[in-house]
Structure formats: C-alpha cells, structure tokens
Amino acid sequence: MKIEIYNVHFWATQRQGNGKERRTLQTVHMPRFDAVTRKHITEEQRIEKGTQALTAEGFYDIEYGSTVADELIVTH
C-alpha cells in the first residue's frame, strides 16, 4: 500500500536539560489530503499544523523551511 505524505521541514529551538538551547531541523510528516474534505492540504495548513505539533513537543522560535512530497510504502 502506498501512502502519499508531505515532509514539512522547520527550524526550531529546544531547551536542553542543562539549560542550554539547541536549534535543529525538525520534520513533521502529514498526509497530502485532508481526511474530511479529500482536498490537498494547503501550504498555510501545513505550516499551521506543523507549528502546533512542534509547540506541543516543547519547541519554540519555529521557522518554516520547506516541504517535500514523498510516498510511504507500507507492507504487511
């Protein structure tokens, strides 16, 4: 089975256990199509969803980098 996804890249900062900060490239994976409307997810929606996901994981100072369309192949 082939699943079409977007790999959305963000530069984000995270505070480390020793009090220092580290800026890294983070990737958020999401489907290309909205499950309800069956339409493509727009760039604005990708940025919003990605920012929300990274904020929930403790990242801040989040900047959008790029989006890459990809396919995920799942075998059983």
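Modeller: Buried means under 20% relative accessible area, exposed over 50%, and partly exposed in between (1.4 Å probe, protein chains only). This is a predicted model: local features need pLDDT of at least 70, side-chain atom pairs count only at pLDDT 80 or more, and totals for chains, interfaces and linings use all residues. Residues are numbered from 1 along each chain as its sequence is written, and side-chain values use heavy atoms, leaving out hydrogens and water.

Colleague: Is Ile3 buried, partly exposed or exposed?

Modeller: Ile3 is partly exposed, because its relative accessible area is 31%. Ile3 lies in strand β1, residues 2-15. Strands (E, at least two residues) and helices (H or I, at least four) are DSSP runs, numbered from the N terminus.

Colleague: Which residues form a nonpolar patch on the surface?

Modeller: Met1, Ile3 and Leu72 do, with about 290 Å² of accessible area together. That area comes from the Shrake-Rupley method with a 1.4 Å probe, and for residues only the protein chains shown count as cover. Patch members have over 30% relative accessible area and no salt bridge; nonpolar side chains (Val, Leu, Ile, Met, Phe, Trp, Tyr) are joined within 5 Å, like charges within 9 Å. A salt bridge puts a side-chain nitrogen of Lys or Arg within 4 Å of a carboxyl oxygen of Asp or Glu.

Colleague: In what order do the three strands stand in the sheet?

Modeller: The order is β2-β1-β3, in an open sheet with antiparallel pairing. Strands β2 (21-31) and β3 (60-73) are at the edges with a single partner strand each, so one side of each has no neighbour in the sheet. From one strand to the next, the twist averages 20°. Two strands pair if DSSP finds at least two bridges between them.

Colleague: How many bridges join β1 to β2?

Modeller: Eleven, and the two strands run antiparallel. Take Thr13: its bridge partner in β2 is Arg23.

Colleague: What does helix α1 touch?

Modeller: Helix α1 (residues 43-56) packs on the sheet and touches β1, β2 and β3. Contact means heavy atoms within 4.5 Å. The direction of α1 makes about 50° with that of β1. Axes are lines fitted to C-alpha atoms, for helices over the stretch in contact, and angles run from 0 to 180 degrees between N-to-C directions.

Colleague: Are Val8 and His9 buried or exposed?

Modeller: Val8 counts as buried, at 0% relative accessibility. His9 also counts as buried, at 18%. Strand β1 holds Val8 and His9.

Colleague: What does Val8 touch, leaving out residues up to four places away in sequence?

Modeller: Its contacts include Val28, Met30, Arg46 and Ser66. Val8 and Ser66 are 58 residues apart in sequence, yet 6.0 Å apart in space, C-alpha to C-alpha. Beyond its neighbours within four places in sequence, His9 has contacts that include Leu25, Gly65 and Val68.
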